[in-house]
Amino acid sequence: MTNLGAQKLVIIGNGMAPGRMLEHLFEQAPGLYDVTIFNAEPRVNYDRIMLSPVLSGEKTFEDIIIHGDGWYIENNVTLYKGHRIVEINRQARTVTSDHGVTESYDKLVIATGSVPFIIPVPGKDLPGVITYRDLDDVDAMLLAAQSREKAIVIGGGLLGLEAAAGLALRGMDVTVLHVMPTLMERQLDPAAGYLLQKAVEERGIKVITKANTKRIIGTDRVEGIELDNGTIIPATLVVMAVGIRPNAGLAKDAGLAVNRGIVVDAGMQSSDGDILAVGECAEVDGMVYGLVAPLYEMARVAAAHLAGDTKPAFVHSDTPTKLKVTGINLFSLGDFADGDDREEIVLRDATAGIYKRVVIKDNRIIGTVLYGETSDGAWFNDLKKKGTDISAMRDTLIFGQSFQGGAPLDPMAAVAALPDDAEICGCNGICKGKITSTITAKGLTTLDGVRAHTKASASCGSCTGLVEQLMSLTLGDAYNPAAVTPMCTCTELGHDDVRRLIKAKGLKSIPAVMQELEWKTSCGCAKCRPALNYYLVCDWPDEYADDYQSRFINERVHANIQKDGTYSVVPRMWGGVTSAAELRAIADVVDKFEIPMVKVTGGQRIDLLGVEKEDLPAVWADLGKAGFVSGQAYAKGLRTVKTCVGSDWCRFGTQDSTGLGIRIEKFMWGSWTPAKLKLAVSGCPRNCAEATCKDIGVICVDSGFEIHFAGAAGLDIKGTDVLGLVKTEDEALEHIVALTQMYREQARYLERIYKWAKRIGHDEIRRQIMEDHDKRRAYYERFVFSQKFAQVDPWSERVSGKDKHEFKPMAAVGFHQAAE
Amino acid sequence: MTTNWIAIGHIDDIPLRGARCVKTPDGKIAVFRTAENEVFAIEDQCPHKGGPLSQGIVHGRAVTCPLHNFVISLESGRALGADEGEVRTIPVRNIDGQLSIAFEAAALVAAE
Ligand SMILES: Cc1cc2nc3c(=O)[nH]c(=O)nc-3n(C[C@H](O)[C@H](O)[C@H](O)COP(=O)(O)OP(=O)(O)OC[C@H]3O[C@@H](n4cnc5c(N)ncnc54)[C@H](O)[C@@H]3O)c2cc1C
Ligand code: SF4
Ligand code: SF4
Ligand code: FES
């Protein structure tokens, strides 16, 4: 669809800078341009910063996508994935890609980012030698890590250390080679560099400083590295992370002014009036940048200029550096070199592993290094930015904000004391006032909500703590992030942390979780064990062996225990539909085993109550012969899909609600979920199947299927909310399954859908399931994969002898003696 | 009053962190095997409302009742934490994995 009269905007490169630029542009001047993007990487715009959490396993690629495919469609943007621009023709005003696509432009934005620097040593081109820049590099590292062999990372800077930590977490034996005497020397002074090295080494990573690589050894692929001093270190993977160069070759070939990067003015304009450059490839006022905060500033300026507002100008500011390795807290800002005109204040606490240094010139902070305890980073940053005269608080400055002005403040008071224009999120340049006013204006109650509306903490995430504190300040008791309720008395960790760490550390058994996460008891308790068992079943469907001893009795014996120690048995009746043969089989079983009570349940099936445990396998065998499988009426898993008779019988019916219900139930039975999951499908808005108080419900309408979610009709009563309307049965199934999988992956054990949804926000769920096609598809596929292992009828397994011991007493003793 | 040791089976008949019951005229006895391969036997009746302890989750040297989550010590038979109550413990002997429980004749007579 082209927009008549619109100008043509072409963008080369689809990284974080142009992505942000377009967001601003569409807000300021919707419809002004027809946008076409060429991206050498074959994918949408994602959060490059978060590649390290993907490498370590703390996030998936889906989690870090910034603009899903849907976004490009909605905004009418044509994205050529996997097209590298090979020529800019300024006379013809066209660009041409390596696949031969030529596109003309009125305005061109170059956003080609950087290229990793490759040290020119022999062997640099061997297979197994890679850089660290994009998702393909992460995939290559993950593949190599499967071998659990030796890896070398060249470069002890931010990128290199994040790569090393990720590879070590993935089980590789990692050595970091760094050419300077201390790590991250550009951001840290030697003392902090030393503490960092210790922390890195504690993670099992070897660090060799002052290491000069002479050559990379190997014939067909990399086998190791030889250093200048003759040392040889074997490795099957070498990651070069020694720095980046602005990617300006294309601009240079086109005759644009290029120095270190593409030379642009403060309005992001290159030496050609119709060509702009943003991001790491651009050079403003002699400076090039490698952190997103200034790039986002460029994006803001470029968007304004494209929209016709030529006032905004790019201004340089220092960006704090943080290392994103779980468990290492590090903050560095500005200039901290020694000098005669400078003084410094240092605080060390060896036992706590804390080091703080503030560099002062003319009574103003010019640099700060914090290691181990970084919560005052925002405050120091604010003082530096504003050039505050610190002479009055010089003596207590280093102790941080809480020590200023008498009694120590608690961390909350410290955040409260920050001025409204204090920067909270460095990546996105979001200040305190913007966050608090948005929370109030939009009625936000969740972190995800704040991320969605303000972008604060949405890039590298290291300001999450501050944002949460602001939320509790603004919302009072309605939000309480600090109080992470531990799972149980066996651990300090809350459910969310445990779930995250299970993935991050690749923990695949209950003992592994307890060992690695430092459980305080030897084998847990009845609260944490079933939760852990569920998390492991959900996260590693193909690898984890279900631990039945960690399941509640109902799930262990696949029946519901009753107060007298007998059990109840509920066979599945798909969609609540049954037949004469099924009813006859049930009647026979009731007679044969003298089952005292037969009752119709609220979920449209039949409950046989009062069965002795020893009789269960025989009861199941008889039911199985009639085609019944377990109704899983005992499971934290899919229970029932209630239906009405729908268009087949009912005069109001709009769709085949019975058929859809049966289809959903047959697709989803056997799946374990955090808490029980009950569904319903009604054939019209009269809603005879009561779909609007279910975990997930469907109301059929003439135009399709309205999907509902997050209802409750138990201890709490709550009507559902609408997730969205879809046209076909296939789509309805895909959306319901994706929603279920999202819930499976994120909720805390025993948390029903409505509670989970309230916690993470209904809008966020709608966004991921209704709008983000890639994400929905990925959820759907993960569910389908896990069903391969889950859809086994537990009754027939036990009829064939599994877990025999469960159903028989070990022995009967004493009867003989007693009779004597 | 004499103590009879009565064989009830092999330790491997009980799953690790699990339990089996032994039927007696006096009611059921629950025999537990902990993660550390220790064996304990207690009355299979929760002091709260009679729940079958053998069906609970076994952790450390304790079991959590499946009905309302009392945690019962396998060693002492007493409810742990804030709850109160106690069940009878029964001596168990483990010789090379062959288990027997002590059965007091007097108790049996009384039970008749
Ligand atoms: C592992 C890692 C961790 C990081 N951590 C942080 C951090 O914690 N904090 C922080 O602020 N920054 C961090 N960064 C840096 C940050 O990610 C970058 O500064 C930012 O992504 C650069 O954005 P950009 O848009 O300029 O370029 P990029 O995001 O690099 O995008 C450039 C795109 O252009 C494409 N391209 C190049 N040439 C062509 C061509 N000829 N035709 C078509 N397409 C082309 C490339 O394929 C690429 O997709 C990190 C970077 C990495 C790799
Ligand atoms: S919900 Fe509508 S279609 Fe279904 S039985 Fe009721 S009236 Fe009929
Ligand atoms: S409503 Fe209460 S008493 Fe009735 S079956 Fe449910 S839990 Fe038991
Ligand atoms: S019967 Fe055991 S806790 Fe209630």
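Tutor: Buried means under 20% relative accessible area, and exposed means over 50%; we shall apply these limits to a model that is predicted.

Student: Why is B:Arg17 called buried?

Tutor: The relative accessible area of B:Arg17 is 17%, and the limit for buried is under 20%, so B:Arg17 counts as buried.

Student: Where does B:Arg17 lie, and what is its phi?

Tutor: B:Arg17 is placed in the loop between β1 (3-10) and β2 (18-24) of chain B, and its phi is positive, about 55 degrees, although the residue is not a glycine.

Student: What makes B:Arg17 matter when we look at the area between the chains?

Tutor: About 2,600 Å² is buried between chain B and chain A, with carbon and sulfur atoms giving 61% of that area. In chain B, the residues that lose the most area to chain A are B:Arg17, B:Gln55 and B:Ile57, which together make up 26% of what that side buries. Counted by contacts, 34 residues of chain B touch 33 residues of chain A, where contact means heavy atoms within 4.5 Å.

Student: Is A:Asp285 buried or exposed, and how do you know?

Tutor: A:Asp285 has a relative accessibility of 77%, and the limit for exposed is over 50%, so A:Asp285 counts as exposed. This residue sits in the loop between β20 (282-284) and α8 (292-306) of chain A, and its phi, near 55 degrees, is positive in a residue other than glycine.

Student: Why does A:Ile12 count as buried?

Tutor: A:Ile12 has a relative accessibility of 4%, which is under 20%, and therefore A:Ile12 counts as buried. The residue belongs to strand β1 (residues 7-12) of chain A. Leaving aside neighbours within four places in sequence, A:Ile12 has contacts that include A:Phe38, A:Ile85, A:Val95, A:Thr112 and A:Leu250. As for A:Thr112, it is 100 residues apart from A:Ile12 along the chain, yet their C-alpha atoms are separated by 6.3 Å.

Student: What makes us say that strand β10 of chain A is mostly covered?

Tutor: In β10(A), residues 150-154, four of the five residues are buried.

Student: How do you know that β10(A) and β11(A) pair?

Tutor: Two strands pair if there are at least two bridges between them, and β10(A) has five bridges to β11 (residues 173-177) of chain A, in the parallel sense. One of the bridge partners in β11(A) is A:Val174, which faces A:Ala151 as its partner.

Student: Which strands form the open sheet in chain B, and how are they paired?

Tutor: Three strands form this sheet in the order β5-β6-β7, and the pairing is antiparallel. The edge strands are β5 (57-59) and β7 (71-73) of chain B, since each pairs on one side only. On average, neighbouring strands of this sheet are turned by 25 degrees against each other, direction ignored. Strand β6 (residues 62-64) and β7(B) are joined by three bridges, against the at least two that pairing asks for, and B:Thr64 has B:Val71 as its bridge partner in β7(B).

Student: Which residues of helix α14 in chain A are buried, and what covers them?

Tutor: In α14 (residues 495-504), the buried residues are A:His495, A:Val498, A:Arg499, A:Leu501, A:Ile502 and A:Ala504. Their cover includes α2 (51-56), α5 (158-169) and α22 (729-746) of chain A. After α14(A) comes A:Gly506, with a positive phi near 60 degrees.

Note on methods. Residues numbered from 1 in each chain as written. Chains lettered and ligands numbered in written order. Predicted model: local features only at pLDDT ≥ 70, side-chain atom pairs only at ≥ 80, totals over all residues. Heavy atoms only, no water. Buried < 20%, exposed > 50% of the residue type's maximum accessible area, 1.4 Å probe, protein only. Axes fitted to C-alpha atoms, helices over the stretch in contact; angles between N-to-C directions. Buried area = accessible area lost by both parts, 1.4 Å probe.
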